[in-house]
Each structure stands twice: as C-alpha cells, then as structure tokens.
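Please open the model in the viewer and keep the selection panel at hand.

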Amino acid sequence: MSSVAVIRDEAGLVERLRGGDEAAFETLVESYYGMMLSVAQSYVKTRAVAEEVLQDAWLAVLQGLDRFEGRSSLKTWIISIVINIAKTRGAREARTVPFSSMAPEGEEPAVEPERFRGAGDGFPGHWWAYPANWSERPEEVILGRETLGVVTEAIEQLPDAQRVVITMRDIAGCSAEEVCETLELTEGNQRVLLHRARSRVRAALERHLDAA
Amino acid sequence: MPHSPLHITCQEVVELVSDYLEQALPADEAAVFEQHLNFCDGCALYVDQVRKTIDAVGELRAEDVPEETKARLLTAFRDWRRG
Amino acid sequence: MNAYKFLRPDGTGVFSGFHWPLPVGVPGAWVRSDVDPCRSGIHACRPRHLPLWIGRSLYEIELDGEIVDDAMKVVASQGRLLRRVDAWDEQAYDDYTRMCADRAHELARARALESWEAVIEPSVPEGGALLGFVAARIAEVIDGEDGYRRERASQAEWLVERLGLTP
C-alpha cells in the first residue's frame with residue numbers, strides 16, 4: 001500500500017478537473033479510491049460488487065462535477081454518492097444497512113468485564129493485569145504489513161454501521177459533523193458507533209500482538 | 001451522571017477513551033478521566049493502545065488502484081470532457 | 001496569583017506534552033491560551049489539588065489573565081513558571097508514597113478490609129499518585145465521600161508542610 005497525500009486544495013482540484021486536467025483526475029482517483037471501496041463494502045456483499053459500485057460512483061461524480069457547489073467537502077460529496085449507489089445495489093441484493101437501525105443497539109463493553117476486579121475485590125473496577133505496552137514495540141511492527149492486514153480484517157468484520165463510521169472518520173478523515181450529516185446520525189450515536197468500532201479493532205490488534 | 005464523581009474506575013475509563021480523544025467529554029468528566037490516567041499506568045497504556053489503533057487504521061487510507069481500473073476511469077474522464 | 005504545576009521530568013506537560021519554558025534563575029516566559037476548562041487553558045493546582053495530580057517534577061507557577069477555579073484544578077489564560085520546587089525530590093516522593101501506603105494500611109486494618117490490604121504493598125512501586133488514591137479510596141469505603149475528601153485534604157497538608165509551600 002502506498003501512502004498518498006491528503007488532498008488539501010479541493011477547490012483548486014475541482015477547477016482543474018473541470019478544465020480536463022488528467023493528472024488532477026488521477027490524483028483524485030488515487031487519493032479517494034481506497035476509502036470509497038471501504039465505504040461501499042459496508043453496504044454490499046462482495047468486493048467485486050463494491051468495485052462495480054465504485055465504477056458507477058465515479059461516473060456519477062463526473063456527471064455531477066459541473067454542478068458541484070462546494071457546500072460540503074468534495075470528499076464527503078463523493079462518499080455520499082458511493083453510499084447512495086451502494087444502498088440501491090445492496091437493496092437489490094437484499095443486504096442493506098437498515099437505516100432506521102443505524103443507531104447503536106444494546107450493550108457492548110469495550111473490554112471483557114473479567115479483566116477488571118469485581119465488586120467483592122479490593123479496588124473494584126480496576127485492571128487485574130495491565131494492558132501491554134505497545135510503545136515498547138518498534139513502529140514498523142504496529143504500522144507494518146502484517147498488522148495492517150489484521151486491522152483490515154477487523155474492520156471488515158465490524159457491524160455495518162460501525163464499519164462505515166470508522167471508515168469515514170479514521171480512514172477518510174471526515175469530521176464528526178460530516179459523518180452525522182452524510183449518514184443522518186445524531187452526534188451521540190456517531191460517537192457510540194465510533195467508540196465501539198475502535199474498541200473492536202483495538203481488541204483484534206491486541207489478540208494479534210499478544211500472540212506474537 | 002447525576003453529579004460529578006470524585007473518581008472513576010478503569011472499567012469506566014475504557015468506555016470513555018474514544019470520547020476523550022474526540023474532546024467530547026464534558027469538562028468535569030474529562031477532569032476525573034485525566035486524574036485517573038495520572039495515577040493508573042494500566043489505563044495510560046490502554047489509551048496509548050487506542051491511539052496506536054487509530055494510527056494503524058489511518059494507514060489504511062491509500063489502497064493502490066488496479067491499473068486496469070485507473071485506465072478505465074481515465075477513459076471515462078476523457079469521454080466526459082469531450083461530451 | 002501563584003499556584004503549582006506538576007510536569008514530566010523533561011519539562012513537558014503531563015497531558016499536553018507541551019514544552020514549558022523552564023525557569024533558570026528567572027521566571028520562564030509567559031504562555032498564553034484561551035480558557036475552556038479541560039479543553040484549553042493553562043492548568044495548575046492550588047495546594048488542595050496537589051494530591052490529585054502527583055507527578056515527578058513540581059513547579060511554582062504565576063497565573064494571570066482570566067482565571068477559573070474548578071473543582072479539581074485552576075485554569076488560566078496565561079501562566080509562567082517561577083521556580084522549580086526542589087524540595088519535591090526523589091526522597092520526598094518516596095516519603096509521600098510511604099506515608100500514603102501506611103495510611104492505607106491503617107485504614108484497612110481498622111475495618112479489617114483484607115481485600116484492600118492485598119492491594120496496598122504491590123501498588124507501592126507505582127508511586128505516590130496511585131497510593132494516594134488507594135488511601136483516599138479506602139477512606140471512602142469506610143466513611144463515604146467525606147472520608148475521601150478528608151483523606152485528600154490531609155495528603156495536601158502533608159505536601160504543603162513537607163515542601164514549605166504557601167497554603
């Protein structure tokens with residue numbers, strides 16, 4: 001995986017795109033493809049279908065580009081397009097995120113309760129054993145290929161609503177407001193979904209790193 | 001919460017970490033949260049793990065676009081500009 | 001007004017990581033920030049807050065501008081470090097830790113709180129911040145919130161006396 005620069009001057013990029021600048025279009029594709037794929041995969045069954053969704057989405061982006069007013073960020077606008085197309089596609093395949101139930105449901109402790117001292121113990125609610133010190137591990141391990149593979153899989157396993165929120169926030173770098181608007185979530189629900197998603201990914205990373 | 005707690009437990013801390021990093025905790029909750037982190041090495045390590053998790057997730061941002069896909073999209077772009 | 005501030009041994013803020021201009025014979029430079037308790041602002045301790053924020057290095061800090069007293073700290077729009085409190089050295093830190101551990105034992109034994117006793121000595125190596133909390137927490141088990149606050153108040157008194165601080 002390459003590390004691509006975040007697009008800072010979206011307005012400038014849009015101008016160049018309207019002017020037919022192919023290099024600008026390549027930059028756009030390279031910068032946003034991964035995040036678009038991840039969002040699409042929160043709504044449809046397979047990667048192959050997700051790629052088809054992206055194909056349609058890019059066409060819709062091009063068709064809408066002349067009318068794009070910049071009221072939302074380009075990135076958020078593109079993500080909305082992906083979601084709309086993916087939803088339609090997902091509905092046809094009888095697999096959607098039911099939008100009324102995007103709201104987080106039930107209880108989901110971030111860490112198993114057994115890892116904390118109980119009511120009858122001294123210091124109830126505190127760790128029995130401390131979590132491992134990940135700062136002692138070389139950065140190449142935490143951000144290396146194998147670990148990122150574990151993270152990718154953990155995200156793929158997330159419930160759909162958690163997956164799309166963590167994708168938009170922590171992969172795509174959208175703001176909380178942008179996510180709430182795009183997904184029609186309250187601030188509180190967005191925070192709960194993000195918290196649960198991050199907790200699950202951390203737990204997956206922990207299982208992997210502790211086994212190493 | 002009905003009133004400001006004097007302290008919170010580790011079990012409560014792990015439920016608040018994401019909100020703390022978002023700066024979404026109310027002032028009095030953030031105060032007990034930081035106070036807890038000041039004396040509890042275990043939770044300081046946990047918060048560090050969550051930060052590193054977020055960093056790792058952030059690294060997933062760029063996936064290489066398959067050449068064939070890029071070529072197809074470029075064609076679509078040219079068609080659009082011509083049309 | 002003057003207050004106190006714990007920093008990491010390298011002079012950075014415990015939560016902010018901010019590199020404070022350290023006093024070297026003369027006060028450090030003024031640092032300014034908007035006040036929004038717990039989000040931004042210069043954080044400092046009145047003497048009664050010290051046990052809550054025990055750290056390795058202690059400084060006296062002058063605060064100015066907008067100053068807001070919070071339950072657990074004081075927040076200001078500007079501050080500058082006046083001097084390092086040299087009396088807060090390794091020995092003082094260890095003595096404070098030991099004092100809190102002894103108090104925790106005393107309280108736990110008085111009420112036969114064996115499950116808490118088992119926590120105390122293994123926790124000592126982690127230092128004064130933790131043991132201070134353990135002692136106050138045991139006091140709370142015995143005497144509720146008042147017990148907790150009283151224990152914290154005596155910890156603060158111990159520090160003020162030992163370090164020769166302005167109460």
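The model is a predicted one. Q23(B) lies in the loop that joins α1 to α2 (27–39) of chain B. Its phi is near 60°, which is a positive value in a residue other than glycine.

Next, display the whole of chain B. Four helices and zero strands are present, and from the N terminus on the order is α-α-α-α. Is this chain spread out or a compact globule? Its radius of gyration is 23 Å, well over the 12 Å that the globule rule gives for 83 residues, so chain B is more spread out than a compact globule. Along the principal axes, the C-alpha atoms of chain B occupy a box of roughly 65 × 25 × 15 Å. Of the 83 residues in the chain, 36% count as buried.

Within chain B, now select helix α1 (residues 10–21) together with helix α3 (residues 41–58). Their axes come within 10 Å and cross at roughly 35°. The crossing of α1(B) and α3(B) is right-handed. To see the contact itself, show the side chains of C10(B), V13(B), V14(B), V17(B) and L21(B) on α1(B), which meet G42(B), C43(B), Y46(B), V47(B) and V50(B) on α3(B). By class, the residues of this contact comprise nine nonpolar, one polar and no charged.

While chain A is displayed, select E184(A), in the loop between α8 (176–183) and α9 (187–211) of that chain. Phi of E184(A) is near 55°, again a positive value in a residue other than glycine. E184(A) has 10 C-beta neighbours inside 10 Å and therefore counts as exposed.

Turn now to where chain C meets chain A. Here five residues of chain C are in contact with four residues of chain A. The chain C side of this contact has four nonpolar residues, one polar residue and no charged residues.

In soluble globular proteins, nonpolar side chains tend to be buried together. The largest nonpolar core has 63 residues, of which Y4(C), A44(C), A104(C), V134(C), A135(C) and I138(C) touch the most other members. Helix α3 (residues 128–163) of chain C contributes the largest share of this core, twelve residues. Apart from this core lies another, of 54 residues, including V82(A), I155(A), A161(A) and V192(A).

Finally, centre the view on Y4(C). With its neighbours within four places in sequence left aside, which residues are in contact with Y4(C)? They are A44(C), C45(C), P47(C), L50(C), L58(C), Y59(C), E60(C), I61(C) and L165(C).

Technical notes. Residues numbered from 1 in each chain as written. Chains lettered and ligands numbered in written order. Predicted model: local features only at pLDDT ≥ 70, side-chain atom pairs only at ≥ 80, totals over all residues. Helix = DSSP H or I, 4+ residues; strand = E, 2+ residues; numbered from the N terminus. Rg over C-alpha atoms; globule rule 2.2 N^0.38 Å. Buried ≥ 20, exposed ≤ 12 C-beta atoms within 10 Å, placed from the backbone. Core = buried A, V, L, I, M, F, W, Y, C linked by C-beta atoms within 7 Å. Contact = placed C-beta atoms within 7 Å. Nonpolar A, V, L, I, M, F, W, Y, C, P; charged D, E, K, R; others polar. Axes fitted to C-alpha atoms, helices over the stretch in contact; angles between N-to-C directions. Left-handed = near helix turned anticlockwise from the far one by under 90°.
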